[in-house]
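These are my notebook entries on a structure that I looked up, set down in the order in which I consulted each part.

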Amino acid sequence: MKTSIAKLVRLSIGRPVMGLAVFFLSLPAQAQQFVPQLLPQPARIEIRKGEYLKLKHPADSAWMRDLSYSYDVSLPREGYVLDVTAQGISIKAHDASGLRYARTTLRQLAADGRLPVCHIEDAPRYAWRGCMIDVSRHFFPISFLKKQIDVLSRYKINYLQLHLTDGGGWRIEIKQYPELTRKAAWRTQSDWGRWWDSGKDRQYLTEGTPGAYGGYYTQAQLKDLVAYAAAKGITIVPEIEMPGHSDEVTAAYPALKCEGNKGSQGDVCPSNEETYLFYCNILREVMDVFPSHYIHIGGDEAGKDAWHQCPRCIHLARQLGLASTNDLQGFLIQRMAAYLKLFGREAIGWDEVLTDSLVKSEPTLGSNMNVMVWRGNKAAGEGMLRGHNVILTPGEYYLDRYQDDPRFVPKAFGGYLSLEGLWKYAPEKLALPDSLKSKTYGHILGVQGNLWTEQITTPDYAEYMLYPRALAIAERGWSGDRLTYPQLKASILAQSGWLKSNNVHAFDLRSAHGDRKETLKPVKHLALNARVTYNSRYADNYAADGEGSLVDGQLGGWGNNDGRWQGFMQRSDRKKWPLDIVVDLGKVTALHSITMEMMQFDSPWIFFPKTFRISISDDGATWREIYKKEKQREHLEKVSVRPWQWKGKDHGRYLHIQADCDNPGEWIFTDEVIVR
C-alpha cells in the first residue's frame, strides 16, 4: 500500500498554505502597503502614519517580552496576526514558529526606540525556505555557521543544509569510522583548481601532517550548532553524499571500491554489502546528531565507470534484471531511503534519483523520498507527477555564480547571476495544475539557494556570495511573487545598514556594474533573421531560442545560460565539428566583415575554439575558404568574451562556419553571426 508523501510531510513541516487568500479577504485592498525595511514582505500590512508606540526598553530586547500573545490554530501554519497600538503589542499565531516570525517582524520595524502603529497578517508561501552551504570543498568554522544562522533567521529562512561530505573532504566525526576524519578530512592544498580541476593532485593527507588543509566538526560541536539553530527557528539538514562524490570515502576505506579496482574511485561500490553496512552505521550516528526529519543522501553526478568493470556489479545488475550497472544507483538509493524510514525520517535526494530504469519501472522511489531539483523544470514536474515532493534549487540560480561583471569581482565558479536575474525565477509556474492536484501527487515544498564553495576560500568571501542574493530567496520563499524587482531592490538596500553593523561582508548592490553593455540593445546586421542550417545541433540544455538564436540580433551577457548563448559540445568523433552551421543570406551579398563572439569559462569546460573557419559560396555548392584561425589553449581565471572576426572585401550568399575544441566533452558557446 503506497503512503502519500504529502500526508507524511504535513505531519512534519505543515500543510501547504492553501487558505491564505481566504484568510486575508477581510483586510481592505488599500492596506496592502509596501514597507521597504521589512524583508520578507508581509502578506498584508496597514501602518498608521505618524502614530507610534514608544518602547520602554529600546536599548535591549526586554520589550519583546512585554507583549501579549495567544495561539489560534485556525491561522495558516507558521502564520500570525500582529497588532501594534499606542497601548501595546498583541500577537495571535498558529504555533511557536508563527510567534517567532511575528517577533522577527517587530525587530525589523523597530527604529529610534519606537514601533509604528500597525496591523499585519502574514504566513509563508512555502514551508521550505532554505540555504545550503558546502563545507566540504572549503571548510568553515562553527563560528561562521552560527553567524549565518543569525543572519538567515532574521529573514525567516527555516532550513540550513550542510553539504558535509564530498571529494573535497569529509567534515563530520563518525566514531565507528575514524579514518574518515583522520585521513579523508585533509588534503594537500586549499586551492581547488590546483588540487581537483587540474587532475594532477587529488591526494589526501593524515591529520597532523604539516601543511595539510582541511578540518572537521566533532559531534559535540554539531549538536551545539543544531541547538543554536533550533533556538532561532532553523532546522539543520545534513547531507551525506552517496554513491558518487565519494573519492574521500574510498581513499579512507578502499574496501568500498569495486572488485579488482586498484586505482582511485569516486563512487562507492553498490554491489558490496559492506557499502550498505557502512552507510547504515554512518546514518545512525548522523541521526543521533541531527534531529531533522529530513536527511539528505545525495545521489547526484555519480560517474559509475568502475561499476561497468566490476564482476560483482555486473552480476547484481543481471540478477535484478537491470538494463545496465548504472541503474544500481537506484537500488542503493531505495535501500538507504527505506532504512531512514525505519527511524521515522525522510530522505532527500538530488534529482538524478529519478533517472535510472530501476526507479522508472516502479510507481515511485518510495513514499520516503523527496527530490531536490537542480537540473530544470522537467525534473520538477516528473518528480511531482510520480508522487514526490520537490524542493526547487535550480543550477542556473546557484549562488557560486558571478553576481556582477567578472572583470570587477573575485573569481567565481558558475556563470553570471545578478540579483535581478535571480528574481526572474518563478517557482509558482511549476506547480501542478488544479486538475492534477490530489493526495497521489507531490507538490513544491519550497525553494533553496545553494552556495557551492570550490572557489570560495574564506568566510568573508562566502558572505559576499551569499548576500544579498540569499535575501531574495528568503523573500521568494516567504511571499512568492508579490514584489516587483524595484521593490525587492529597495527592500534589500534598506537592509544594508543592518548587515554592515553586524559585520556581514555583503556585496554592495549600489556599486554593481551589471551585465555586458552589449546586451542592452539589439544589433542590426545583414544576417538578421536569415535561415540557419545546423550540420551539428546545439545542446538542448543550451539551445537559447532555438534555430533563430544566432541571427536574432541579441548578444549574450556574462552568463552562458542567459538564454542568448548557444552551446555546442565537442564529441569523441573528431571528424565532426561541434559548431557547424550554414547561414543563408537570401541573395548574393557584398561582404566586409563576419563576426562571432565566443565565450571562455574554464570551470565548466567552456573554451575558445581550437580552430575556427569561414567559407562562403554563391550557390551553396562551390565553396571557398576566406578565413581560418587556429589558437592554442590559454587558461583564463575569469569569464571572457572575445570576437572571432574576418574583415575584407568579398561576396556570397551562403556562409559556412565551423569551430572545434581540443578535447571531447569541452564546449563552444557563441551568441550571434554578425554580417556587415
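Is P311 buried, partly exposed or exposed? I found that P311 counts as partly exposed because its relative accessibility is 42%; buried means under 20% relative accessible area, exposed over 50% and partly exposed in between, with a 1.4 Å probe and protein chains only.

Basis of the entries. I worked from a predicted model, in which local features need pLDDT of at least 70, side-chain atom pairs count only at pLDDT 80 or more, and totals for chains, interfaces and linings use all residues. Residues are numbered from 1 along each chain as its sequence is written, and side-chain values use heavy atoms, with hydrogens and water left out.

Entry on P311. I located P311 in helix α11 (residues 311-320); helices (H or I, at least four residues) and strands (E, at least two) are DSSP runs, numbered from the N terminus. The C-alpha atom of P311 is 39 Å from that of F601, and the two residues are 290 apart along the chain.

Entry on Q403. I placed Q403 in the loop between β16 (390-392) and α15 (419-423). Q403 counts as buried, because its relative accessibility is 6%. A polar atom of the Q403 side chain lies 2.7 Å from the backbone oxygen of Y464. Leaving aside residues up to four places away in sequence, I listed the residues that Q403 touches, among them Y416, Y464, Y467, P468 and F507; contact means heavy atoms within 4.5 Å.

Entry on cis peptide bonds. I found P468 in the loop between α16 (459-466) and α17 (469-479). The peptide bond from M242 to P243 is also cis, with omega near -15°, and P243 is in the loop between β12 (235-239) and α8 (247-252).

Entry on helix packing. I noted that helix α7 (residues 219-231) and helix α9 (residues 273-289) pack at about 45°, with axes 9 Å apart. Axes are lines fitted to C-alpha atoms, for helices over the stretch in contact, and angles run from 0 to 180 degrees between N-to-C directions. The two helices, α7 and α9, are therefore oblique to each other; under 35 degrees counts as roughly parallel, over 145 as roughly antiparallel, 65 to 115 as roughly perpendicular and the rest as oblique. From α7 the contact involves Q219, L222, K223 and V226, and from α9 it involves E285, D288 and V289.

Entry on aromatic pairs. I found 33 aromatic pairs in a search of the whole structure; rings of Phe, Tyr and Trp (its six-membered ring) pair if their centres lie within 6.5 Å, and planes under 30 degrees apart count as stacked, over 60 as edge-to-face and the rest as tilted. W128 and Y294 have ring centres 5.5 Å apart and planes at 80°, so this pair is edge-to-face. W128 is in strand β6 (residues 128-134) and Y294 in strand β13 (residues 294-296), so the pair ties together parts 166 residues apart in sequence. W128 counts as buried at 1% relative accessibility, and Y294 counts as buried at 0%.

Entry on positive phi. I noted that E78, a residue other than glycine, has phi near 70°. E78 is in the loop between β2 (68-71) and β3 (80-84) and counts as buried at 9% relative accessibility.

Key:
Polar contact = N/O pair within 3.5 Å; in protein donor to acceptor, adjacent residues only side chain to side chain.
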